[in-house]
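Welcome, and thanks for taking a look at this one with me. Please have the model open as you read the points below.

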Amino acid sequence: MPVHKKSDGWYWGSKGPFDTKQKAIQVGQAAYASGYKENEMLNKDATAQFIGALLHSATLTHLKHFQVTGEGSYAAHVALATYYDGIVELVDSLTESIQGAYEELIEPYPSAYAGINSDALEYMRSLRDYVRGARENLPQDSEIQNEIDSISTLLNQTVYKLKFLK
């Protein structure tokens, strides 16, 4: 795990701050000597990014829900409502499960997102692809991966409804 400097001191991964770089290195060496394996640690940055992106998707799809027009607009309107109604509860459950399993708070969360100008179907496809790619950097515990499966199912169903129910 890398040693890095932040404004308040030195860190070994998410552990710190330490007054010196040497102290952060010693903490890492002690962890490895005690049997630490890198893949057993929670990747807080990837997890926070994942959770933040999904929570942001609720707001973004809610806005898109108000903007649908034209042929198939009612189906898109309903599909987006189903998504934004469901995703927050799924993300909440996932977050609490990860924090309980690893007994750590996930932080810091990202501060900004994009995607407001994309088409609803394209946005949902990109979000679905993001979840597919990001899950390998998230905890691999089966119960946590099952919760990510539920999020993937909701995304797949929303893509289906936006594409075919017109």
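This is a predicted model: local features need pLDDT of at least 70, side-chain atom pairs count only at pLDDT 80 or more; totals for chains, interfaces and linings use all residues.

1. Let's begin with the second largest pocket, whose volume is about 300 Å³. Its lining has 17 residues, and those closest to the centre are Val68, Ala76, Asp119, Ala120 and Leu162.

2. The largest share, three residues, comes from H3.

3. Now follow H3 alongside H5: their axes come within 9 Å and cross at roughly 170°. An angle over 145 degrees counts as roughly antiparallel, so H3 is roughly antiparallel to H5. Where H3 and H5 are in contact, the residues comprise 17 nonpolar, six polar and three charged.

4. Finally, find Leu54, which lies in helix H2. Is Leu54 buried or exposed? Its relative accessible area is 0%, and buried means under 20%, so Leu54 is buried.

5. What does Leu54 touch, once neighbours within four places in sequence are set aside? Leu54 is in contact with Tyr83, Ile87, Val91, Leu127, Val131 and Ile151. For a sense of distance, Leu54 and Ser142 are 88 residues apart in sequence and 20 Å apart in space, C-alpha to C-alpha.

Conventions. Residues are numbered from 1 along each chain as its sequence is written. Side-chain values use heavy atoms; hydrogens and water are left out. On a 1 Å grid over the protein atoms alone, a cavity is a set of points where a 1.4 Å probe fits but cannot get out, and a pocket is an open set with protein on both sides within 12 Å along at least five of seven lines; lining residues have an atom within 4 Å of a point. Grid points are joined across faces, edges and corners, and a volume is the space filled by probe spheres set on the points. Helices (H or I, at least four residues) and strands (E, at least two) are DSSP runs, numbered from the N terminus. Axes are lines fitted to C-alpha atoms, for helices over the stretch in contact, and angles run from 0 to 180 degrees between N-to-C directions. Angles under 35 degrees count as roughly parallel, over 145 as roughly antiparallel, 65 to 115 as roughly perpendicular and the rest as oblique. Ala, Val, Leu, Ile, Met, Phe, Trp, Tyr, Cys and Pro count as nonpolar, Asp, Glu, Lys and Arg as charged, and the others, Gly among them, as polar. Buried means under 20% relative accessible area, exposed over 50%, partly exposed in between (1.4 Å probe, protein chains only). Contact means heavy atoms within 4.5 Å.
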